[in-house]
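The sequence and the structure come first.

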Amino acid sequence: MRDLISLSGPVRNALRDGAPVVALESTVIAHGLPHPDNLEAAAAMEDAVRQAGAIPATIAVLDGRIRIGLSEEDRANLADPDAAVAKLSRRDLAACLTLNGTGATTVSATMICAHAAGIRVFATGGIGGVHRGAENSMDVSADLLELARTPVLTVSSGAKSILDLPRTMEVLETQGVPVLGYRTDRLPAFHSRDSGLPLDAALEGPQAAARVARAHWALGLGGLLICNPVPDEAAIPADEVAAWVDAALAAAEQDGIAGKEVTPYLLRHIANVSGGRSLAANKALLIDNARVGGEIAVALAEGVS
Ligand code: PSU
Ligand code: MN
């Protein structure tokens, strides 16, 4: 494992000292946001983690090594629209490493790398889930199975409304993933604060999240999903988002998009048709989730119970 992973100095020191660390994914940089929003969001997420008192650890595979803690230059290379950066989920990691490849890690791959390094908290925008029409396409994100098996706490703003949210919740239930609201008892729908779906539990803050995570892990169980709604001032009403999603889904069908291309294609399309509004919401929620991840990492590191 040592040969496969290399930690940045600050991340290595923090892990050695038991200081709080928050993992951040890189697919959102390489494939989830356009340039230069991707670069700005990546830097702002790192700042938000630091302001909360934790060390940010953005994760990617660069030249055949898992790198945990990226430099500004590393992030700029991933964000370069002309760079050929693969999109890596669980099944892609080993091949990318042995072929000396470079790739951005999705939620599933980021969780695996974080766990391998001993990082317990991860912040992202929205997880992958069950795609609409999955009853035919079988397109269910590997993120859902990773959340079940890998003991990392993930902060997200729920899952995107490009997905089938009720079926996404069903799979998370089957797989035994706690889905907990952060100061809400409704599943957020990424750009919107409320998907209309209820959650079983609402956490009142970082200490509560840390307590639940410790209990889940004491039982030897896997990941947890903490849902933090997009900040009010950046939220977009659900009916507006629905129109963009319908347009994006129709275009994807017309263009015959399938497999790992589906999510980046839909995100790009929505960014274009929304005239930048979806991007502003996307950036705001990424930064806020990084902040919340930082606060929860601090609570976990303090051992408050
Ligand atoms: N949600 C976003 N932006 C993203 C993604 C999700 O708002 O860029 C990325 C994440 O990396 C997630 C991946 O793990 O898309 C899911 O891809 P798929 O649906 O192909 O599993
Ligand atoms: Mn898929």
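## Model and ligand site

The model is predicted. Ligand 1 sits in the largest pocket. There are 15 residues around ligand 1, and Glu25, Ser141, Asp143, Lys160 and Thr263 come nearest. Two helices, α2 (27-32) and α12 (262-273), each supply at least two residues of the shell around the ligand. The most comes from α2, which gives three residues.

Several polar atoms of the protein lie beside polar atoms of ligand 1. For Glu25, a polar side-chain atom is 2.6 Å from an oxygen atom of ligand 1. Val107 has a backbone N or O atom 2.8 Å from an oxygen atom of ligand 1. In the case of Gly126, a backbone N or O atom lies 2.9 Å from a nitrogen atom of ligand 1. On its own, ligand 1 has 480 Å² of accessible area, and the protein covers 93% of that.

## Helix α8

Helix α8 spans residues 142-149, and its buried residues are Asp143, Leu144, Glu146, Leu147 and Ala148.

Which residue caps the N-terminal end of α8? The cap is Ser141, with a side-chain oxygen 3.0 Å from the backbone nitrogen of Asp143. Both Ser141 and Asp143 are also among the residues that come nearest to ligand 1.

Ser89 is placed in the loop between β5 (86-88) and α5 (93-98). Is Ser89 buried or exposed? Its relative accessible area is 19%, so Ser89 counts as buried, the cut-off being under 20%.

Leaving aside residues up to four places away in sequence, Ser89 touches Thr106, Ser108, Ala109 and Ala142. Ser89 and Thr110 are 21 residues apart in sequence, while their C-alpha atoms are 8.1 Å apart in space.

## Backbone features in loops

Most residues other than glycine have a negative phi, and most peptide bonds are trans. The residues in this section depart from one or the other pattern. The peptide bond from His35 to Pro36 is cis, with omega near 0°. Pro36 belongs to the loop between α2 and α3 (37-51).

Met138 is not a glycine, yet it has a positive phi of about 60°. The loop that holds Met138 runs between α7 (134-137) and α8. With a relative accessible area of 66%, Met138 is exposed. Phe190 likewise has a positive phi of about 60° and is not a glycine. Phe190 is located in the loop between β9 (179-182) and β10 (201-203). In contrast to the exposed Met138, Phe190 is buried, at a relative accessible area of 1%.

Definitions and conventions. Residues are numbered from 1 along each chain as its sequence is written. Chains are lettered from A and ligands numbered from 1 in the order in which they are written. This is a predicted model: local features need pLDDT of at least 70, side-chain atom pairs count only at pLDDT 80 or more; totals for chains, interfaces and linings use all residues. Side-chain values use heavy atoms; hydrogens and water are left out. Buried means under 20% relative accessible area, exposed over 50%, partly exposed in between (1.4 Å probe, protein chains only). Helices (H or I, at least four residues) and strands (E, at least two) are DSSP runs, numbered from the N terminus. A polar contact is a pair of N or O atoms within 3.5 Å; within protein, one must be able to donate a hydrogen and the other to accept it, and residues adjacent in sequence count only if both atoms are side-chain atoms. A residue is near a molecule or strand if one of its heavy atoms lies within 4 Å of it. Accessible areas come from the Shrake-Rupley method with a 1.4 Å probe; for residues, only the protein chains shown count as cover. On a 1 Å grid over the protein atoms alone, a cavity is a set of points where a 1.4 Å probe fits but cannot get out, and a pocket is an open set with protein on both sides within 12 Å along at least five of seven lines; lining residues have an atom within 4 Å of a point. A molecule sits in a cavity or pocket if more than half of its atoms lie within 2 Å of its grid points. Contact means heavy atoms within 4.5 Å.
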